[in-house]
Amino acid sequence: MLTLYQAEWCPFSSAVREILTELGLDFVARQVEPWPEQRTALKAAAGSDQIPTLETEDGLFITGTRAIYAYLRELQPWEYAAEHRQRFHDHKEARESDAPGQLVEYFRPDETEEVSASPETAEVVDVPEASQYELRIGDRRVGIAAYHRRQNSNRITFTHTEIDESCEGRGFGSRLAGAALADARRQGLEVLPLCPFMSHYIGTHPEVQDLVPENYRKRAALSA
């Protein structure tokens, strides 16, 4: 199996992973030390401390995006290559946003108090400077629906939704999604639901499916 020496924060590593996905190639992702001078094991094996570095099945080490691409161009893609390429294009606005950074913060959850309120009592507020809708109970934020919207654009892209653990499974997520979509309709915006939760909500609520562009709705099978 191919081995990719990489780091998640590295855009060149990310680009190589996308092409590996398009080609349908399984690979092992090896994390490396943050600074080149710390990567003594990689340098000893590959002769370089730079990333991305791809180790082929026969033990050849290829360093750098262009060199890796030259090797991968010789390989035959699988039948889903075009669809993965389209999905990559669909997620362009999510990549431009800080969705990964926001999600990483949820790896370090704060201790939360139990929420006794009902979803109907929660307030949904748009916070454009943070590019997210917030679900609040009093002064406490119990959920967010992050989005990306370009200036003067008539489209809003929902990138991810998070609900406080103490509120999960109680309808708070639906309250947040419904209010955010209602506000999008009020503003005359098209909706691109890259967030799995938002996509599921739209797929199970026919009354909001017209907010999604028809071509995306068909590809994502959102119509009920």
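Two strands are taken as paired if DSSP finds at least two bridges between them, and it is on this basis that the sheets of the present model, which is predicted, are described. Leucine 4 stands opposite leucine 54 in strand E3, and this pair belongs to a region in which three bridges join strand E1, residues 2-6, to strand E3, residues 53-55, with the two strands running antiparallel.

These strands are part of an open sheet of four strands, in which the order is E2-E1-E3-E4 and the pairing is mixed. Its edges are formed by strand E2 (27-31) and strand E4 (61-63), each of which pairs on one side only. On average, and with direction ignored, neighbouring strands of this sheet are turned by 20° against each other. Helix H1, which comprises residues 11-23, lies across E1 and E2 and runs at about 160° to E1.

In the protein as a whole, the secondary structure amounts to nine helices and nine strands. Along the principal axes, the C-alpha atoms fill a box of roughly 60 × 40 × 30 Å. Of the 224 residues in the protein, 40% are buried, and the accessible surface comes to about 13,200 Å², with 49% of it belonging to carbon and sulfur atoms. Among contacts with a separation of 6 or more, 52% are accounted for by residues 24 or more positions apart.

A further open sheet is formed by five strands in the order E5-E6-E7-E8-E9, again with mixed pairing. Strand E5 (123-127) and strand E9 (190-193) are the edge strands, each pairing on one side only, and the twist from one strand to the next averages 30°. Strand E8, which spans residues 155-163, is joined to E9 by four bridges, and the two run parallel; within this pairing, valine 191 in E9 is the bridge partner of isoleucine 156. Helix H8 (residues 196-203) packs on the sheet, where it touches strand E7 (140-148), E8 and E9, and the direction of the helix makes about 120° with that of E9.

In soluble globular proteins, nonpolar side chains tend to be buried together. In the present model, the largest nonpolar core has 33 residues, and those with the most contacts inside it are Tyr133, Phe158 and Leu181. At least two residues of this core are supplied by each of strand E6 (132-137), E7, E8, helix H7 (172-186), E9 and H8, with H7 giving the most, namely seven residues. Another core, which lies apart from the largest one, consists of nine residues, among them Leu2, Leu4, Val16 and Leu20.

A search of the whole structure for disulfides finds zero. Cysteine 167 is in no disulfide, and the nearest cysteine sulfur, that of cysteine 195, is 17 Å away, whereas a disulfide would require the two sulfur atoms to lie within 2.5 Å. Cysteine 195 is likewise in no disulfide, its nearest cysteine sulfur being that of cysteine 167, 17 Å away. Cysteine 167 has a relative accessible area of 1% and is therefore buried, and cysteine 195, at 2% relative accessibility, also counts as buried.

Note on methods. Residues numbered from 1 in each chain as written. Predicted model: local features only at pLDDT ≥ 70, side-chain atom pairs only at ≥ 80, totals over all residues. Heavy atoms only, no water. Axes fitted to C-alpha atoms, helices over the stretch in contact; angles between N-to-C directions. Contact = heavy atoms within 4.5 Å. Core = buried A, V, L, I, M, F, W, Y, C linked by side-chain atoms within 4.5 Å. Buried < 20%, exposed > 50% of the residue type's maximum accessible area, 1.4 Å probe, protein only. Areas by Shrake-Rupley, 256 points an atom, 1.4 Å probe, with all protein chains shown as cover.
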